[in-house]
Amino acid sequence: MSFSGILSATRVVTGWADWAPGWVEILDGRVVAAGAGAPRATGSVAIEGTILPGFVDIHAHGAVGADFGRASLERCRSAADYHASRGTTTMLASLASASIHELRVALDVLHELCAQ
């Protein structure tokens with residue numbers, strides 16, 4: 001079950017605007033509207049702070065000591081969780097040069113991680 005509702009914040013930053021204050025309307029976990037000033041509907045959840053879009057990391061080799069090319073499923077999950085805890089919503093795991101066998105093993109681990 002995804003969140004639905006309106007969040008109002010001291011500041012809302014989007015790819016095209018920077019509103020202070022602003023609001024974001026979410027329906028089933030997806031942003032469907034946003035704007036400057038007070039929300040257009042009642043019942044919003046107020047946030048003291050800034051709402052930002054999630055970060056997209058297009059080149060990540062891992063984190064917290066885990067290399068996506070050599071780590072176990074659990075260590076890869078820890079690396080992905082670390083990125084998520086800092087605002088990354090989407091990530092592309094990058095693998096360094098390695099043998100075909102090592103790359104295949106890493107891809108199998110990452111495939112399993114993505115399937116979860």
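Here are legends for a few close-up views of this predicted model.

Residues are numbered from 1 along each chain as its sequence is written, and side-chain values use heavy atoms, with hydrogens and water left out. Local features need pLDDT of at least 70 and side-chain atom pairs count only at pLDDT 80 or more, while totals for chains, interfaces and linings use all residues.

View 1. The largest nonpolar core has eleven residues, including Ala60, Phe68, Leu73, Cys76, Val109 and Leu110. Another core, of eight residues, sits apart from it, with Ala9, Val12, Ala17 and Trp19 among them. A nonpolar core here is a set of buried Ala, Val, Leu, Ile, Met, Phe, Trp, Tyr and Cys residues joined through side-chain atoms within 4.5 Å. Buried means under 20% relative accessible area, exposed over 50%, and partly exposed in between (1.4 Å probe, protein chains only). Helices (H or I, at least four residues) and strands (E, at least two) are DSSP runs, numbered from the N terminus.

**View 2. Around Val109 and Ala93.** Leaving out residues up to four places away in sequence, Val109 touches Ala71, Ser72, Leu73 and Cys76; contact means heavy atoms within 4.5 Å. Ala93, in strand S9 (residues 88–93), is in contact with Ala60, Phe68 and Leu110, again setting aside neighbours within four places in sequence. With a relative accessible area of 30%, Ala93 is partly exposed. Ala93 and Ile58 are 35 residues apart in sequence, yet their C-alpha atoms are 7.6 Å apart.

**View 3. Thr14 in its loop.** Thr14 belongs to the loop between strand S1 (5–13) and strand S2 (18–19). Its relative accessibility is 16%, so Thr14 counts as buried. The Thr14 side chain reaches the backbone nitrogen of Trp16 at 3.1 Å. Not counting residues up to four places away in sequence, Thr14 also touches Trp19 and Pro53.

View 4. Most residues other than glycine have a negative phi, and most peptide bonds are trans. A cis peptide bond joins Ala20 and Pro21, with omega about 0°; Pro21 is in the loop between S2 and strand S3 (22–27). Asp28 isn't a glycine but has a positive phi of about 50°, and it lies in the loop between S3 and strand S4 (30–36). At a relative accessible area of 54%, Asp28 is exposed. Val64 has a positive phi too, near 40°, in the loop between strand S7 (62–63) and strand S8 (66–67). Val64 is partly exposed, at 44% relative accessibility.

Methods
A polar contact is a pair of N or O atoms within 3.5 Å; within protein, one must be able to donate a hydrogen and the other to accept it, and residues adjacent in sequence count only if both atoms are side-chain atoms.
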